Amino acid sequence: MVKRIFSIVICVTGLAFSQDVAVTATVDSQSVAIGDWIRYSVEVKHPSSITVTFPVLKDSIGSFEIVRQDTLLTTELNGEIDIKKNIVLSKYDAGNFYIQPFVVHFIRADGKADSALSNPIPVEIRGVEVDTSQAIKDVKPQLTVPMSAEEIAMYAGIVIGLAGIGYGIYYYIKKRKRSAGGTEIEKKPNIPPHVLALMQLEELKAKRLWQAGEIKAYYSEATEIVRRYFELRYGIMALEMTTGEVMTQLEHFRMEKNTFRSIESLLTGSDLVKFAKHQPVAAENELVITQARTIVEETKPAIEVSGKLNDHENAESKNVPVQS
Amino acid sequence: MNYDIKAINEKIQKESAFVDLLTLEINKVIVGQKHMVERLLIGLLANGHILLEGVPGLAKTLAIKTLASAIDAKFQRIQFTPDLLPADLVGTLIYNQKDGKFQTKKGPIFSNFILADEINRSPAKVQSALLESMQERQVTIGEETFKLDEPFLVLATQNPIEQEGTYPLPEAQVDRFMLKVKITYPSKEEELGIMRQNVSGKYAEVKPVVSTKEILKARASMQEIYMDEKIERYILDIVFATRNPKDAQLPNLANLINYGASPRATISMALASKAYAFIKRRGYVIPEDVRAVAMDVMRHRIGVTYEAEAEEVTSETIVQEILNKVEVP
């Protein structure tokens with residue numbers, strides 16, 4: 001104990017002179033536990049006629065790591081300059097080590113360069129003392145650090161900030177829409193499929209395509225109108241289906257046999273014109289629109305209330321799809 | 001080109017009469033597998049080779065053997081193994097000690113119908129030798145080139161369940177097959193028929209009902225089948241949808257397709273559609289014909305991305321989606 005107190009109180013001094021320059025290095029303790037801090041102080045004393053270059057320390061002094069270093073403290077008294085620097089060192093290996101001599105370079109008044117260094121300081125790094133008589137204990141669990149008031153305030157601020165940004169975006173979009181005034185896409189009136197099909201058939205008739213020799217285009221358009229009608233009416237992808245596939249799908253819906261045969265005749269007959277260069281006579285061409293119109297009329301929902309389909313009654317009508 | 005559809009229709013109806021005879025003869029031995037038999041006929045008529053994929057025991061060999069017997073043509077089965085050499089397939093030059101000259105020994109490829117069984121069991125050099133013969137329809141042994149007999153139809157099989165010790169066909173070589181047909185298990189009723197037929201030990205004798213000459217004549221007639229521009233454009237729409245799915249309103253497929261179908265797919269689809277129309281005894285092609293062959297023509301010609309593989313999306317799913325989306329003319 002006496003030895004320990006002695007070593008702490010009377011710090012070990014490494015003192016070196018190079019003529020007029022004196023370098024002194026001291027530590028607060030020569031025996032520390034592994035990882036403990038060693039307070040290492042360096043003092044350089046020299047006359048003002050000598051220019052001293054204090055070394056720049058990076059991250060270590062020999063095998064000792066620098067934990068922290070203070071700025072240089074320089075004082076001048078009666079033509080003598082005193083430079084002090086405090087450094088905190090640490091080491092993570094147990095054993096006996098030396099803190100290497102501290103080297104200071106200087107230039108004399110006559111221009112000659114020289115250097116001075118302190119003495120090395122022996123330091124004992126003690127390992128962790130293990131009491132083998134005690135039972136082995138588990139590692140302590142992690143400590144839960146309670147959230148500080150600052151942290152709570154920070155999180156609250158983030159939430160409020162995000163809410164503000166969200167509202168700002170919402171307000172901006174709303175304002176923009178309002179200022180655009182009426183640029184919203186106008187919704188098309190919900191025209192029932194059969195009404196639409198009948199309208200399109202009338203338009204096709206008015207085009208007088210077959211009279212102009214465009215028989216193939218005439219049949220293509222006619223079947224397209226009917227197929228689109230089936231798509232909207234029955235929810236089948238008739239435009240992407242072949243005639244055979246359309247007929248197979250239509251078998252799942254209740255309809256008159258004659259209507260079914262009429263649809264098949266219209267589609268297969270049109271296929272012949274479209275793909276087999278069939279040249280129908282004028283009467284056949286005329287018949288296409290009539291036939292298509294009849295199909296639409298016979299398959300449209302049976303009950304209509306004030307221009308809108310009555311879904312409830314529609315479900316009970318004869319054209320309701322049923323799973324086969 | 002000026003088409004007289006009525007005359008073509010009549011001609012096709014007359015010349016395709018053998019299709020029913022041939023099908024009946026094949027069906028004496030093959031129970032079910034209508035799809036496979038139909039595709040064999042398409043390959044035969046459209047002069048395209050077929051890659052068959054299916055587990056063992058689904059009558060792949062029997063089907064082509066029966067087809068060869070019913071057509072009175074030469075048939076060869078080549079079992080592809082890891083030690084097979086190109087010379088085992090195409091033939092080689094043998095030194096004749098008597099006259100001190102090299103003599104050509106033709107390989108089994110010199111037949112009308114070839115069954116390349118488990119083609120992916122042989123290394124690339126053998127596969128290349130076969131696929132080259134398929135494409136060029138000729139074989140060079142030493143310095144001499146030999147034309148292969150017509151009809152020349154190669155049916156290659158792949159077993160989808162065993163991948164160890166196999167050499168998968170590269171994409172460029174798979175593309176040379178006009179159709180890739182997937183064979184599924186027969187139905188319960190069909191399998192009952194198969195069981196009864198085999199247990200009884202009485203096997204129907206297949207007689208030649210068509211000559212190779214008639215097949216070649218049918219091929220020539222098939223070329224005359226009318227294909228409207230609308231159908232041609234429909235085929236193009238389908239093929240282009242595999243390359244630019246976004247243009248076909250299928251943006252969801254863009255990340256799933258690595259590469260789309262080649263122009264060879266377009267040609268194959270047109271030829272196979274005509275062959276299908278011929279089988280259905282029609283002188284013109286309708287969208288049904290295209291739809292009927294599209295899956296078999298396209299499934300091996302679309303490369304899927306890693307994303308698709310991760311999502312378990314196959315090329316078949318992609319083809320089906322395209323067929324469901326592209327408007328029929």
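1. Two strands count as paired if DSSP finds at least two bridges between them. Strands here are DSSP runs of E with at least two residues, helices are runs of H or I with at least four, and both are numbered from the N terminus. Within this pair, Ile99(A) stands opposite Ile121(A).

2. Before going further, please keep in mind that this is a predicted model: local features need pLDDT of at least 70, side-chain atom pairs count only at pLDDT 80 or more, and totals for chains, interfaces and linings use all residues. Residues are numbered from 1 along each chain as its sequence is written, while chains are lettered from A and ligands numbered from 1 in the order in which they are written.

3. On confidence, the predictor gives the complex an ipTM of 0.74 and a pTM of 0.64. Chain B has an average pLDDT of 85, with 98% of the residues scoring at least 70; pLDDT is the predictor's confidence in each residue, from 0 to 100.

4. Back to the strands of the opening point: β3, β13 and β10 of chain A form an open sheet in the order β3-β13-β10, with mixed pairing. β3 (31-33) and β10 (95-99) each have a single partner strand and stand at the edges, so one side of each lacks a neighbour in the sheet. Neighbouring strands of this sheet are turned by 30° against each other on average, direction ignored.

5. Next, follow β9 (residues 80-90) of chain A. It is joined by 10 bridges to β4 (residues 38-47) of chain A, and the two run antiparallel; here Glu80(A) is the bridge partner of Pro47(A). β7 (residues 64-69) of chain A also pairs with β9(A) in the antiparallel sense, over 4 bridges, and Arg68(A) stands opposite Val88(A).

6. β8 (residues 73-77) of chain A is antiparallel to β9(A) too, with 5 bridges between them. Leu73(A) has Lys84(A) as its bridge partner. The hairpin of β8(A) and β9(A) has 2 residues between the strands, and Asn78(A) there takes a positive phi near 50°.

7. Now to a helix pair in chain A. The axes of α4 (residues 215-234) and α6 (residues 257-275) come within 9 Å and cross at roughly 150°. Axes are lines fitted to C-alpha atoms, for helices over the stretch in contact, and angles run from 0 to 180 degrees between N-to-C directions. The angle makes α4(A) roughly antiparallel to α6(A); under 35 degrees counts as roughly parallel, over 145 as roughly antiparallel, 65 to 115 as roughly perpendicular and the rest as oblique. Residues making the contact include Tyr219(A) and Val226(A) of α4(A) and Leu266(A) of α6(A); residues are in contact if their C-beta atoms, placed from the backbone, lie within 7 Å.

8. Among the contact residues are Met269(B) of α11(B) and Val293(B) of α12(B).

9. Finally, the contact takes 11 residues from chain A and 18 residues from chain B. On the side of chain A that touches chain B, α6(A) gives the most, with 3 residues.

Conventions
Two residues are in contact if their C-beta atoms, placed from the backbone, lie within 7 Å.
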